[in-house]
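Hi everyone, thanks for coming.

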Amino acid sequence: MSGLGVRNLLALSATAIGAFYLGSHTKRERLQQSSSHVIRHFPGLPTFGTVSAASLVPAANSANLTATPSRVSQIMKYGFPGLDHVRSHSDYVLSYDRRNRIPHWVFEHLTAESVARNDAVDRSKCDFKPDESIHPFFRSQNTDYRKSGFDRGHMAAAGNHRLHQKHCEETFYLSNMAPQVGQGFNRDAWNSLEMHVRKLTKSYTNVYVCTGPLYLPHKEDNGKMYVKYEVIGSNTVAVPTHFYKVIVGEATDHKLHMEAYVMPNKVISNDTPLNVFQVQPETIERAAGLLFFDQINRNQLTSINGNKI
C-alpha cells in the first residue's frame, strides 16, 4: 500500500474511532437523562450528607440526651446501626437491602403523642406502594407479594405514626415491608410485640426502636449448618427466617432501658408470652452484622430485658 493510502486509512480510522466514542458518550448521556425520570429522589431522601460513621462513646462519658432540631437526628440520636443505602422519610429512617428488596433495618422514635389515637389519621386511606426513590432494578412491587402466601409486613408499624396522615401513609412504602407469615405471626404475635412497644411510651418519655430481618442458620440431617430462605415474585424478594426489634426507653430521669427480641417468621401460639423471645442484644448484632445504639455504652444502661445492669 502506498504512503498516501496508509495516510488515508489512518485518517478514516481516526474518524471512525472518534465517531464511536462520541456516539457512546451521547448514548450514555441519554440513558442517564432518561433514568433520572425513572428514579425519583423522593419520598425517601438519602441522608448521606448528614450521616457519619458512628463511633463508640468512652465509658466515662454520658450519651448526649439533648434532642437536635433535625428529625433524622432525633430518630438516630444514639447512632446508625449501619450506613448501607440509608434513606429517610418524614417520621422514620431505614437502610435498604437492594439485593433482598427489603430493609436491613428501620429506625423509629416514638412518644406518647406520636402513637396516640388520632381521628384525623385514617389507615384505611393508605395504600401499599412501591418506593420510587429505589432504583427499578432493586425495587419490590405489590405483584411480588400477590398469591405468595405472605403478608406485606411493616417494619415501621403504621400504628406508631399517628401524628399526621402523611406519616402513616409513608409506612406503606414497600421499602418498609418484608414478607411475613400472616395468620399466627404478622397479625398476631408480631402485632403483640408492636403493641408492647407502643405501651412503652407510657413508661418512657422517648422510645427508640430498630426493627429488621434475620436469616439464621439451622442444622440439617447431615449435621451441617445452612442458611436457607424462600424468595417471592419476579423480583425475588427475600423471606426472612426471623425478625428482630431492639428497643431503648429513655426515662424522665434520663435513665436508659433496653429490650431485644427475635421472633421466627412462622405461626406462633397466641399464649406464648413475649419474654420467651427476649435475647441479649449482641446476639442480634452478631447475626445481623449491625451495631445497635452504639452511641450508648452498655454500662450506661440501667437494665436489659428487665434485668438490672
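Which side chain does the side chain of Asn 142 make a polar contact with? The partner is Arg 152, and the side chains of the two come to 2.7 Å in that polar contact. Please keep in mind that we are looking at a predicted model.

Let's stay with Asn 142 for a moment. You'll find Asn 142 in helix α4, which covers residues 142–145. If we set aside its neighbours within four places in sequence, Asn 142 is in contact with Phe 128, Lys 129, Pro 130, Arg 152 and Leu 174. Two of those names come back together: the charged end of Arg 152 sits over the ring of Phe 128, at 3.8 Å from the ring's centre. Another charge over a ring involves Lys 228, which lies over the face of Tyr 226, 5.2 Å from the ring centre.

Now a step back, to see the whole protein. The protein has 8 helices and 15 strands. Of its 309 residues, 46% count as buried. And here is a number about the fold: among contacts with a separation of 6 or more, 70% are between residues 24 or more positions apart.

Next, a residue with a note in a database. UniProt lists Asn 186 under "binding site", in an unreviewed entry. In the model, Asn 186 is part of helix α6, residues 182–186. Is Asn 186 buried or exposed? Asn 186 counts as buried, because its relative accessibility is 15% and the cut-off for buried is under 20%. Its side chain makes a polar contact with the side chain of Asp 151, at 3.0 Å. Not counting residues up to four places away in sequence, Asn 186 touches Asp 151, Gly 153, Gln 180, Val 181 and Asn 191.

On to the aromatic rings. How many aromatic pairs does the structure hold? There are 11 aromatic pairs. Take Tyr 78 and Tyr 208: their ring centres are 5.3 Å apart and their planes are at 80 degrees, so this pair is edge-to-face. Tyr 78 lies in the loop between α2 and β2, while Tyr 208 lies in strand β7, so the pair ties together parts that are 130 residues apart in sequence. Tyr 78 is buried, with a relative accessible area of 2%, and Tyr 208 is buried too, at 3%. Elsewhere on our tour of rings, Phe 80, Trp 105, Phe 107 and Phe 293 form one aromatic cluster.

In soluble globular proteins, nonpolar side chains tend to be buried together. Here, the largest nonpolar core has 36 residues, and the ones with the most contacts inside it are Phe 185, Val 207, Ile 247 and Met 263. Elements giving two or more residues to this core include β3, β4, β6, β12 and β13. Which element gives the most to this core? That would be α7, with 4 residues. Apart from this core lies another, of 26 residues, among them Phe 80, Tyr 244, Val 262 and Leu 290.

Let me zoom in on Phe 185. Leaving out residues up to four places away in sequence, Phe 185 touches a list of residues that includes Trp 190, Phe 243, Met 263 and Ile 268. Val 207 and Ile 247 also turn up as contacts of Leu 200, which touches Glu 259 as well, again not counting residues up to four places away in sequence. Leu 200 sits in the loop between α7 and β7, and Leu 200 is buried, with a relative accessible area of 9%.

To finish, two asparagines in loops. Asn 160 is in the loop between β5 and α5, and Asn 160 is buried, with a relative accessible area of 2%. Its contacts beyond four places in sequence are Glu 108, Leu 110, Ser 114, Val 115 and Arg 198. Asn 275 is in the loop between β13 and α8. Asn 275 counts as exposed, because its relative accessibility is 52% and exposed means over 50%.

Notes:
Residues are numbered from 1 along each chain as its sequence is written. Side-chain values use heavy atoms; hydrogens and water are left out. A polar contact is a pair of N or O atoms within 3.5 Å; within protein, one must be able to donate a hydrogen and the other to accept it, and residues adjacent in sequence count only if both atoms are side-chain atoms. Contact means heavy atoms within 4.5 Å. UniProt positions are given in the numbering used here, feature names are shortened, and annotations may be inferred rather than shown by experiment. Buried means under 20% relative accessible area, exposed over 50%, partly exposed in between (1.4 Å probe, protein chains only). Rings of Phe, Tyr and Trp (its six-membered ring) pair if their centres lie within 6.5 Å; planes under 30 degrees apart count as stacked, over 60 as edge-to-face and the rest as tilted. A charge sits over a ring if NZ of Lys or CZ of Arg is within 6 Å of the ring centre and within 35 degrees of the ring normal. A nonpolar core is a set of buried Ala, Val, Leu, Ile, Met, Phe, Trp, Tyr and Cys residues joined through side-chain atoms within 4.5 Å.
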